[in-house]
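I set out to record what can be read from this model, entry by entry. The sequence and structure come first, and my notes follow.

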Amino acid sequence: MDILLTNIGQMATPLGTQARKGKDQREIQLIKGAAIGIENGKIAYAGPMDDSLSGEKTIDCTGRLVTPGLVDAHTHLVFGGWRQHELALKLEGATYLDILKQGGGILSTVRQTRAATEDELVAKCKGLLDDMLRHGTTTCECKSGYGLSLEEECKQLRVTERLQKETPMDLVSTFLGAHAIPGEYKDNREEFIRLVCDVMIPQVAADKLAEFCDVFCETAVFTPAETRVILEKAKAAGLGVKAHVDEIDPIGGAELAASLSCISAEHLIQASDQGIRDMAAAGTIAVLLPATSFYLDKPFARARRMIDEGVAVAVATDFNPGSSPNLNIQFPMNLACLKYRLTPGEALTAVTLNAAAALNRSGSVGSLEVGKQADIVIWDAPDLEYIFYRYGSNLVHSVIKNGSVF
Ligand code: IZC
Ligand code: ZN
């Protein structure tokens, strides 16, 4: 072995190469006194400590908890500036959609992102990704949506492409051109939707700038009918499809995502009973974002009901400069237990294997099994329960990404 991790106090991992749903979501393999062997950046052994194992380099975990690297399946990572001035507006009672309607919110970030160069965005995001890695994230989805023109969306997607090459993080790129109607199309939304469908999607697909297409389907943003048109176009162009749905108002987004066989539907705070059943039947994964509920002071999605109905649940940060300016995935992990009432096992699966499945990566990451990438978190914790019980501090001791130690 190139590297051998010994003296693992507890190794905790879901098993398999597919999303786990229903009662299977909570089934975690727990091994006390475990070891992991790494060869060529991949896991070559994961099981009980065994004296016959040896490595060129040994890492003594001194009784610590070890889990798979965490997968953040929903972020808006690449953006110019921040939106700290919106805090005062919020405290005066303005809602997220009020701020957007006044030309702030997403549109304020669009102005700041357009004003930034590709190099500036790359430099800023390198710092953010470094911070994420230190908090345990080893794979991260990354949505565009702050360009809202062909050129500016492609600029944002090229930043993601460069970050993929220039940082240790594995990035999964999602085109979110339908994130808001930009000011120049305020009175001509049909024209903007045509631009997304007939110009942006074909270009993004041809240049392989994204793997998935997403739409912000919400009151005063994109309607379910518009979302269907855009995502059908994306599917025909060969992109995978996902959607922001039922975050603020229940407008049938979960039903829509299921009917389009989306790989995932995200937010789902207001998802209906029928929508949840449809998602279970379609195998659409729920990517839930409890830190956004916290930050917007909104209800928490009905995660328990989703699991009971057989929907695979993933949990992510929604890191963005407006509704979730937090990139530490440990915080939504705490909220998943405290507010969704997930068990530690369910919540671990939600940020590892199920999150990987929502990104079509569950064959290569999301669990500690032979053949998967050596993406591993060593925690300053004795067991799995501890990391969901403590909160507010970074409990990560160290991270191994593709076999390199950070
Ligand atoms: O910048 O506000 N919800 N899009 C949908 C976001 C949040 C990002 C933002
Ligand atoms: Zn989002």
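How many residues of β7 are buried? I looked this up in what is a predicted model, and found that 7 of the 7 residues of β7 are buried, so that I note the strand as mostly covered.

Entry on the neighbours of β7. I checked the pairing on either side. β6 and β7 run parallel and are joined by 3 bridges. I located one of the partners: Val71 is bridged to Thr139 in β7. β7 and β8 also run parallel, with 5 bridges between them. Here I noted that Cys140 stands opposite Leu171 in β8.

Entry on α4. The 17 residues of α4 (residues 118-134) should span 24 Å at 1.5 Å a residue, and the end C-alpha atoms are 24 Å apart, which agrees.

I then asked which residues of α4 are buried. I listed Leu121, Val122, Cys125, Leu128, Leu129, Met132 and Leu133. They lie on the same side of α4, because the arc they cover around the axis is only 140°. I recalled the general rule that an α-helix has 3.6 residues a turn, so residues three or four places apart point the same way. On the other side of α4 I found Asp119, Ala123 and Arg134 exposed.

I next looked up what the buried residues of α4 pack against. The strands in contact are β6 (70-72), β7 (137-143), β8 (170-178) and β15 (396-401), and the helices are α3 (106-114) and α5 (150-166). After α4 comes Gly136, and I noted its positive phi, near 105°.

Entry on the zinc ion (ligand 2). Which residues coordinate the zinc ion? I found His74, His76 and His244, each through NE2, and Asp318 through OD, at 2.0 to 2.6 Å. The spacing of these donor residues in sequence is H-x1-H-x167-H-x73-D.

Lastly I examined the geometry of the site.

How values were computed. Residues are numbered from 1 along each chain as its sequence is written. Chains are lettered from A and ligands numbered from 1 in the order in which they are written. This is a predicted model: local features need pLDDT of at least 70, side-chain atom pairs count only at pLDDT 80 or more; totals for chains, interfaces and linings use all residues. Side-chain values use heavy atoms; hydrogens and water are left out. Donors are N, O and S atoms within 2.8 Å of the metal (3.2 Å for Na, K and Ca); water is not among the atoms, so sites may look incomplete. Helices (H or I, at least four residues) and strands (E, at least two) are DSSP runs, numbered from the N terminus. The expected span of a helix is 1.5 Å times one less than its number of residues. Buried means under 20% relative accessible area, exposed over 50%, partly exposed in between (1.4 Å probe, protein chains only). The arc is that of the directions from the helix axis to the C-beta atoms. Contact means heavy atoms within 4.5 Å. Two strands pair if DSSP finds at least two bridges between them.
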